[in-house]
Amino acid sequence: MRAGSAGSLLMLMLHRWMGRLDRFEQSLSTTFTPRHYGYLTRATGLVLEVSGLKLSLGSHCWIEREHGGAEKKCEAQVVGFKGNQLFLMPLGAMEGIRPGCRVYASQGKTGREGSLPLGPALLGRILDSCGRPLDNRPLLTVESGKLTTPPLNPLLRKPIDQVLDTGVRAINGLLSVGRGQRMGLFAGSGVGKSVLLGMMARYTSADVIVVGLIGERGREVKDFIQQILGEVGLSRAVVIAAPADVSPLLRLQGANYATRIAEDFRDRGYNVLLIMDSLTRYAMAQREIALAIGEPPATKGYPPSVFAKLPALVERAGNSESINGSITAFYTVLTEGDDQQDPIADAARAILDGHIVLSRELAESGHYPAIDIEASISRVMHEIVSPEQLQYARECKRLLALYQRNQDLISVGAYTAGTDPKLDRAIERYPDICRYLQQEISERCDYTQAYTELAALISVNEEQ
């Protein structure tokens, strides 16, 4: 009996100690998380090499500064690896970083684990690429979501069958845009690109406007918001600003974040106008990253990954899989030296649903908006407008092209009236066509008005 009592007592004490050990282990697991560190071994340009740490591509890290830096830690992102070496690119300044600095993974970092703010509370706000307010006001939102979403099934997308009223006469009448269409705005510097974007932001019949200012000068961000977008446009807009002085990673993330916000509003049933200025700066940011980690250039200095990133971004816009909700997108493409065969311009034309070309010659002559009607096209116009409007638009383009081809003869007086009846009509209609294509920034022309004026300008009876 005594041996049995002693054994029972021993078992009871053992169970008590085991229970205490379990509780201690549980409390230890909730209060302490083991952290794995790596070490900085090399810094070349914008690329940092780290040993002793294994992380997936796209993960965020913290680098502990030595001293003298603006902050104690520097944030970076994994952009590549080679063997056991990780390639990082910083998201901020690198002052205070030295060889051997400790590097560890970020936990629950914005942009990777899905904590970017979303929702209607963003309307009227100006944010950076990480969702932080730039307008010195608190962000009153609790909704969040991942930066990227799975691609939509192309067979389930709603077709483009409704005209979108942009408020710009030349676009409404001759380059009609459909709800859910993706258009490119091709322009060089100083030809009125920002003004045209501002007109569309003010006058387009959309529920929500999302503006991504990617890689532009910091001064232009404030000018676009205050002078071009205005209070009326900003009240129904969300602006994501990633100017040229931020890391190329943040410029990429800014474009993806603006698209993600547009997707969120589309999924809520809103008709969204997405303005991305510019797609070229997005491509340049990816080029900086790719060349820094050793990817070979392919076409005029652009690595292959650039041409893979462009369609991945553009294809996220468009109509949704349900009957409600759409993203109509305008992407600006900067043509260096007004070269329409620039590799980014050429790639953008292939993946977009049309393009609007701004002419420097028209801008220099005071013709605004400086839209080159002959070089521009909307690929879905024939599916969304009436046959009569198509006929009027084609006749207007034909008369304009006929006049342009003979302009030198007309200017020097070498053409004799009556020689060519079609050219005579083009000369007669040219001043009216020019007035039709011009529009002040403060003037709004809805779709019905644009069609009526076009019908009055070019009638069916005159096409004989």
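A: Let's begin with a helix axis: this is a line fitted to the C-alpha atoms over the stretch in contact, and the angle between two such lines, taken in their N-to-C directions, runs from 0 to 180 degrees. Please keep in mind that the model is predicted.

Now find helix H13, residues 421-437, and helix H14, residues 447-457. Their axes lie 11 Å apart and meet at an angle of about 175 degrees. Angles over 145 degrees count as roughly antiparallel, and therefore H13 and H14 are roughly antiparallel to each other. On the H13 side, the contact is made by Arg429, Asp432, Ile433 and Tyr436, while H14 brings Ala450, Glu453, Leu454 and Leu457. Sorted by class, this contact holds five nonpolar and three charged residues, with no polar ones.

Next, turn to helix H3, which is mostly covered, with eight of its eleven residues buried. The buried ones are Lys193, Leu196, Leu197, Gly198, Met199, Met200, Ala201 and Tyr203. What do they pack against? Their partners are helices H2 (169-174) and H4, together with strands S12 (182-187), S13 (208-214), S15 (271-277) and S17 (326-334).

H4 has the largest share, six residues. By class, the lining divides into nine nonpolar, eight polar and eleven charged residues.

The largest pocket has a volume of about 1000 Å³. Among its 41 lining residues, Leu147, Thr148, Asn256, Lys309 and Arg316 lie nearest the centre. Two or more lining residues come from each of strand S4 (73-82), helix H5 (248-267), helix H6 (279-292) and helix H7 (304-314). H5 gives the most, with eight residues. In this lining, 16 residues are nonpolar, 13 are polar and twelve are charged.

Finally, let's zoom in on two single residues. Leu48 is found in strand S2, residues 47-51. A residue is called buried when its relative accessible area is under 20%; Leu48 has 0% relative accessibility, so it counts as buried. Leu48 and Leu88 are 40 residues apart in sequence, but their C-alpha atoms are 4.9 Å apart in space. Beyond its neighbours within four places in sequence, Leu48 is in contact with several residues, including Leu40, Ile63, Phe87, Leu88 and Met94.

Gly354 is found in strand S18, residues 354-357. With 3% relative accessibility, Gly354 counts as buried too. Gly366 is twelve residues from Gly354 along the chain, and 25 Å separates their C-alpha atoms. Leaving aside neighbours within four places in sequence, Gly354 touches Arg182, Met183 and Gly184, as well as Ile377, Ser378 and Arg379.

Technical notes:
Residues numbered from 1 in each chain as written. Predicted model: local features only at pLDDT ≥ 70, side-chain atom pairs only at ≥ 80, totals over all residues. Heavy atoms only, no water. 1 Å grid on protein atoms, 1.4 Å probe; cavity = no way out; pocket = protein on both sides within 12 Å on 5 of 7 lines; lining within 4 Å. Points joined across faces, edges and corners; volume = space filled by probe spheres on them. Helix = DSSP H or I, 4+ residues; strand = E, 2+ residues; numbered from the N terminus. Nonpolar A, V, L, I, M, F, W, Y, C, P; charged D, E, K, R; others polar. Buried < 20%, exposed > 50% of the residue type's maximum accessible area, 1.4 Å probe, protein only. Contact = heavy atoms within 4.5 Å. Parallel < 35°, antiparallel > 145°, perpendicular 65-115°, else oblique.
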